[in-house]
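Hi there,

Here is the structure I promised to pass on to you.

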Amino acid sequence: MKKNFLFAVILAFTTFYCFGQKGLRLWYNAPANSLNQDANNNWASDSEWLKALPVGNGFLGAMVFGDVNHERIQLNEKSLWSGSQDDNNNPSAADSLALIRQLLFEGKYKEANALAERTQVCKGVGSGRGNGATDPYGCFQTLGDLRFDFKTDKPYGNYRKELDLDKAVVAISFVQDGIHFKREIFASYPDKAIVIHFTADKNGAINFSSSLTRPEAFTTAAEKDNLLMTGSLMNGKGGNGIKYAARLKVIASGGKVIYRDSTVTVEHANDVVMIFTASTNYKQEYNNFLGGENPLQTTLEQLNKASSLPYAKLLQRHLSDYASLFNRVKLNLSGTQASTEPTDVLLNKPDDLYLQELYFQFGRYLLISSSRKGSLPANLQGIWANKIQTPWNCDYHTNINVQMNYWPADVTNLSDCLSPFTNLVSSLVIPGEKAAAVQYRCEGWCVEAITNPWGYTSPGEGVGWGMYVAGGGWLCLQLWDHYNFSHDISYLKKIYPILLQASRFYLDWLVKDPETGKWVSGPSTSPENSFVAPDGSVASMTMGPSHDQEIISELFNAVMQASGILQQKDSITEKISIVSKDLAQPKIASDGRLMEWSKEFKETEPTHRHTSHLFMLYPGNQIDPENTPGLADAARKSLIARTDVGTGWSLAWKVSFWARLYDGDHAYLLLKKLLHPINNYEVQMSTEGGTYQNLFCGHPPFQIDGNFGGTAGIAEMLLQSHLKEIHLLPALPQEWKQGSVSGLLARGGFRVNMQWKNNQLSQATITSLAGEVCRISTSVPVKITNSSSSSQKTGHGYITTFATLKGKSYTVVPLVE
């Protein structure tokens, strides 16, 4: 009776949170092989791991293989990093800056680049060239594995493994020996735990032994009522660094639970609930990174609290929290029916509209799962990694990757998930001030191409990729964009000093080009790209690359706007106002393309994955087909020359590029390429980007930014607001003939719902969240049914303006001509 009541309660909550929605599920009819060994190649993703399904709560992550007779749940704790705080600033670097600049201005690129390579890199080993697990830089590492042996090798049938995006629950079901088994796994943010539930329709049928293991640096022992795994990681300096603890408690209905040595055994149980908690002593505070709470105490408190609640309550708390975020946005492109094909089969049909909906919402799911208040931000793999040495240390790359992780945060109504990014940027200011002062003898703060939880702000080990002074500016612009969405003055007050001091660095960094008299950044690069210099050498370092100039220009503009809003003027803003007037701007080449560098150099790799000189198109706001048609045409020609190949995240970026050019069909072409299934698991730096079986994005290897960039790109096709107007359906492809979307956010403080038929807007509802004047851009004339408005025709449609009241919704209806 109690068991039936429990199932009824769970069903009631499930129905409440999913009623009226088309099911959004990744599902498969075969498990991943939990006994398959991970590859020895640290830079290769593992094929079976990429069949596992992810759960996470921002702090803890797990990959569920869904195997039957044996099971592996691979575990992560977001702050589990090797390494430690280190000084990598090069005090002699500034001595050579003037000479490098002179050589570049004189066209002596070979000499300049050679001198920069000798003098401008970090002190010490830096990131270990992306292999920093044993270096002070460190590496994000697997927490280990929760392994199960179910004491049988009998065959099974009716197998199904699924990730329900509406509930954020992984479920596995199968029939074995005439018994129907079901396993459910979710990661609870309210209870800071991973919860596992095993059931069977026959009493006494659940038998298994389980252990917590790790490739290195661990001890597992049985305590009175839980397994405890503890250890510490290397600090990169010959000692111990971060400490961690992980606990597993098993609660069985019927049968026996036996803790012995390093395992827990369950015999003849009817129903089993397991609670897993993990923590480290990390604290996001410069000079005190290991001053966090005692992980032994933290995990025990979390374990006791969660295990005091019945499973139905744990599930309800999880569903309530998750739904409050996920259910804010709904996208319907495919009608009312979900696909009946397994996801790995469906992936062979990238033009399937349900698959595109699923991919969009999967990106939102991943952001909720990997970035929550109080956690570190999503890294190169979000929160999911199964190695000790992970690719590129699984760190934070500031030349696009960490920013792309948060592109969907505001527009897809997940602004709550942005705070870890804001906190990361805030934490870099103090070490960034030291880097600016020591490395370049500049005021303000800076960060280069890479950073980690230890406050790394120095250049990398090579200037072609590791010297990237635009990093701090780009991070700041992401903070400013969040303000543009929210119009939260308290947030603006918090971030304004960060933006101001980043601008202060650039004011010291910029120099006058003796030929043009314009202010230029340099020596610098167009991220990770290179060119053939007039002297015949292959170089990356130059003066005034377009990417730097665009970011500095937009940052200066943001600071001036923010200072006006906050009514804070000082000597820095005065200087910004003066320098901005003579800041060099990107130019159009003789072939009509937007120039990547200040001179018309020949690219060494014309299809390079980074398209950094188009920052001003997206995510920047300096190019628009309506207001800057010449630049828009130059950007289009640049994209055509770059072609439609790329790594996963590069394809995702191009979706938004084409959306900003109002070319929905070309954006759609890139989206389908992003969804293309791939089986390449080793590093590929130029082509072969796509999607793995579990919908993780393939760089390759797995890199999560492409998932987030793809979700943001779909949103950009439907809604744009970067030009101080809300553009409804700006890049709708022909294939999306009818559909609806609700809950997207627009800059200025607005929430937008839309429906369309025959590729034309049929109705929109705009809710004012800040009480600002609203300007909407549409392809046809519209009326606002519950407000007076004014309209004007433009080259691309109509602009309609109307006043709003905070909290009130306004209906937009096309006029019948």
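Searching the whole structure turns up 46 aromatic pairs. A pair here means rings of Phe, Tyr or Trp (its six-membered ring) with centres within 6.5 Å; planes under 30 degrees apart count as stacked, over 60 as edge-to-face and the rest as tilted. Please keep in mind that this is a predicted model, where local features need pLDDT of at least 70, side-chain atom pairs count only at pLDDT 80 or more, and totals for chains, interfaces and linings use all residues. Residues are numbered from 1 along each chain as its sequence is written, and side-chain values use heavy atoms, with hydrogens and water left out.

One of the pairs is Phe362 with Phe696: the ring centres are 6.4 Å apart and the planes stand at 35 degrees, so this pair is tilted. It joins distant parts of the chain, 334 residues apart, with Phe362 in helix α7 (residues 353–370) and Phe696 in the loop between β25 (690–691) and β26 (697–698). Helices (H or I, at least four residues) and strands (E, at least two) are DSSP runs, numbered from the N terminus. Both Phe362 and Phe696 are buried, where buried means under 20% relative accessible area, exposed over 50%, and partly exposed in between (1.4 Å probe, protein chains only).

Another pair is Trp474 with Phe615, whose centres are 5.1 Å apart; the planes are at 80 degrees, so the pair is edge-to-face. This one also links distant parts of the chain, 141 residues apart: Trp474 belongs to helix α13 (residues 471–486), and Phe615 to the loop between β24 (602–603) and α17 (629–642). Trp474 counts as buried at 1% relative accessibility, and Phe615 does at 2%.

Phe362 and Phe696 turn up again in a cluster linked by ring pairs, together with Trp49, Tyr322, Phe326, Tyr365, Trp384 and Phe702. Phe326 has a charge over its ring too: the charged end of Arg364 sits 5.3 Å from the ring centre. The criterion is NZ of Lys or CZ of Arg within 6 Å of the ring centre and within 35 degrees of the ring normal. Lys161 likewise lies over the face of Tyr28, 5.3 Å from the ring centre.

On to the cysteines: there are zero disulfides (pairs of cysteine sulfur atoms within 2.5 Å) in the structure. For Cys394, the closest cysteine sulfur is that of Cys139 at 7.0 Å, too far for a bond. Cys394 is buried, at 0% relative accessible area. Cys446 is in no disulfide either, with the nearest cysteine sulfur, in Cys442, 7.6 Å away; at 1% relative accessibility, Cys446 counts as buried.

Best wishes
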